[in-house]
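Student: Could we walk through this structure together, one question at a time?
Tutor: Gladly! Have a look at it first, and then ask away.

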Amino acid sequence: MKRTFTALLALFAVVALVRAEDKVPLQLELPKPLFAGTPRPIQIPNLEPPLVGKRPDFMVPAGTALLSKGKPVTGSDTLPTIGELSFVTDGDKSGIDGTIVELGPTPQWVQIDLGAPAKLAAIVIWHFHSQARVYHGVIVQASDDPAFKKGVVTLFNNDDDNSCGLGKGTDKAYIETNAGKIVDGKGTTARYVRLYSNGNTSDELNHYCEVEVFGQPAK
Amino acid sequence: MLLFCQRGAPFLLIGLAAFFLRTFDLARRPMHADEANQAVKLGLLLETGRYEFDARDHHGPTLYYFAAPIAWLRGQTSLVALDETTVRLVPAIAGTISVLLLGALAFPLGRGPALIAAALMAVSPPAVYYSRYFVHETLLVTFTLAALVSAQQWWRHARPLWAIAAGGCGGLMLATKELAPLFVTAALLGVIVVRAKPVSSSITRGATLALFAALIIAFLFYSSFGANFGGLRAAIEALGIGVTRATGVSGHEKPWWYYLRLFEWERRGGIVWQQLGFTALAVAGVGVAVLSGKKMLRWAAVYVAVLAIVMSLVPYKTPWHAIHFVPALALLAAGAWAAIPNGVVAAFVVLAAVAMQGFQTYRAAFVYPADERNPYAYVHSSPDVLKFRALVVAALAHTPQLPIRIISEEYWPLPWYLRGLPRIGYWPAPPDDCDGALVIASAKQAEAVRSRLHGNYRETFLGLRPGFLCVVFVKNTPSP
């Protein structure tokens, strides 16, 4: 009887532990695809293969929520040539004219202030999804320091030639689509998320349609 | 002096403004594949003294023969020495001259309208953009205007020299592009419709002189000044090839309203492109032409209508053809401006039109010169092309025993950017041996190339133009 009770107790403990670590698929609202006609074929080895069909679910802890919507955005280009920095978190990721902010040439960054430290689950990026193109030097960092001088955690870096000057990255380049790019937040606790890029295969400019940061408030 | 200040200075100022817009920071935009291809052909002319007209490509000889003296003046006598500024100076100078020629052509409308026409041409977005572009179009416009001014002078004064000059410029038109007969036909149709009568009683004599001069000039250029008589036969073949290309499947087919759109309004990727002020004035000029009976305006209306109909009906369309509409539209706009009775309103209208055009030109030529949203940047090279040379130079230094391989179905403008560098080869398909110090492969051929590489390569990628990516394989060699 005692052994049975102990076994049941252990089972309950395991179940409780598993439930605490429950993960659920990240729920994303994807914009409509904007490719008119057949996308131009781009198949290169250091690119992720083009998405065919439904993307595998990206699992995040239960209770994960969108934290970035409407949050203030700052950037290295304070006078974007097209659009406004607030477009980055305005919730409109349709990608049509008037929903994209365009930053000038050379490495540029945008930074989202979540308002309070949060445990990051995922960062989803839509640079520009009305044409198949690849952005150079995409780096995603998180920190509690708004100046990103200390406590910086790099979550993604495909800057293979260190053109942004933050060190070479080994992550793969990817083709922009309406599905966006999901970057694993790895449970990092940070208040600020900063995203870099350095032009793209079509022009020297840097674009953001939307960035969504998912996570939970840090306890 | 006072007379010059009153009459000549405004034209001089417009000419200077036109020259500035056409020459400032000429090397700013990456070379388009066509520009690069033609610049390499110019380099061969400089190095070998030889030029042979090719009926299938590259259009006429004038671009190269006019570019060569500029290269010599700048001390550039080889392909390696050539630079973007030198080759683009040819259309830039021609474009500036075209502004002054339009002013001269418009003079019968009055000094004011002539100034307005020249000013509108000076700041016209397509005219400025393609005056900074090493292609034939601006030369063709300039020779057309020179022929028209000469013909106008012959019409009014009956001096044979003007007929010869008109013919000579017509010959230069023919030696520039296969499209030239269209403009001659449109101009003649305009003359017939408005029933203009020349001072000379012998039209046949003037026409004969002009035709003779045109043939001599065309003969000289197409035969490479007597060095290649095969070029003459090729010139005749080129007309047929041009017609076939214009009416067949070329990949450049566009809807009939394509050119009209360039002169009205459109939004591309958040950027508005428009020429509404200019076009509205020109349309008003058609009304003025009908009501006033001014022959020059009526001629311009017929001329531009013929061009619009023919070029809209032909499936083959490229944005650089748009500059052929600009002179006649500027004449009509100037005619409309002259018909505004209130001086203040007229001043406001012209300032607004010039300012709107100037702003569009600023964006097209200086802010977004290679951006695919720019309607004039047609299938343009990506700024990434500027990165290839540094990669190749580094690879040659790092791995001096191996070649540089470019394996791609398309590779222009790379031969321009890699000019003068050793051990570079081009393959349309992967050869058996793909190894090199650096291998540039099109995305389409990258997998086949990779399978034939031996050793350790680092891979990266660059864009050749929007939608066309290259994989760059860099040979990793052990550090000494």
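Student: What share of the residues in chain A is buried?
Tutor: Chain A has 219 residues. To count as buried, a residue needs 20 or more other C-beta atoms within 10 Å of its own. In chain A, the buried share is 40%.

Student: What is the mean pLDDT of chain B?
Tutor: This score matters to a reader, because where pLDDT is low, the predicted coordinates should not be read in detail. In chain B, 98% of the residues reach 70 or more. The model as a whole scores ipTM 0.73 and pTM 0.85. For chain B, the mean pLDDT is 93.

Student: How far apart are the C-alpha centres of the two domains of chain B?
Tutor: The assignment for chain B gives domain 1 (2-367) and domain 2 (383-475). In their contact, 10 residues of domain 1 of chain B meet nine residues of domain 2 of chain B. The domain 1 side of that contact has eight nonpolar, two polar and no charged residues. The C-alpha centres of these domains of chain B are separated by 39 Å.

Student: What distance does helix α14 of chain B reach from its first C-alpha to its last?
Tutor: Helix α14 (residues 295-313) of chain B has 19 residues. At 1.5 Å a residue, the expected value is 27 Å. The model comes close to that, with a reach of 27 Å.

Student: Which helices do the buried residues of α14(B) pack against?
Tutor: Start with the buried residues themselves, which include B:W299, B:V302, B:V306 and B:M311. Here is a handy rule: an α-helix has 3.6 residues a turn, so residues three or four places apart point the same way. The buried residues of α14(B) pack against these elements of chain B: α9 (180-194), α12 (258-262), α13 (276-292) and α15 (326-338).

Student: How many bridges join β6 to β7 in chain B?
Tutor: Strand β7 (residues 468-475) of chain B is mostly covered, with seven of its eight residues buried. Five bridges join β7(B) to strand β5 (residues 438-442) of chain B, running antiparallel, and there B:S442 stands opposite B:C470. Strand β6 (residues 457-465) of chain B also runs antiparallel to β7(B), and B:T460 has B:V472 as its bridge partner. The bridges joining β6(B) to β7(B) number eight.

Student: Which residue takes a positive phi in the hairpin of β6(B) and β7(B)?
Tutor: This hairpin has two residues between the strands. The phi in question is near 90°. The residue that takes it is B:G467.

Key:
Residues are numbered from 1 along each chain as its sequence is written. Chains are lettered from A and ligands numbered from 1 in the order in which they are written. This is a predicted model: local features need pLDDT of at least 70, side-chain atom pairs count only at pLDDT 80 or more; totals for chains, interfaces and linings use all residues. Helices (H or I, at least four residues) and strands (E, at least two) are DSSP runs, numbered from the N terminus. The expected span of a helix is 1.5 Å times one less than its number of residues. A residue is buried if 20 or more other C-beta atoms lie within 10 Å of its own, exposed if 12 or fewer, and partly exposed in between; C-beta atoms are placed from the backbone. Two residues are in contact if their C-beta atoms, placed from the backbone, lie within 7 Å. Two strands pair if DSSP finds at least two bridges between them. pLDDT is the predictor's confidence in each residue, from 0 to 100. Domain bounds come from an automatic or database domain assignment. Ala, Val, Leu, Ile, Met, Phe, Trp, Tyr, Cys and Pro count as nonpolar, Asp, Glu, Lys and Arg as charged, and the others, Gly among them, as polar.
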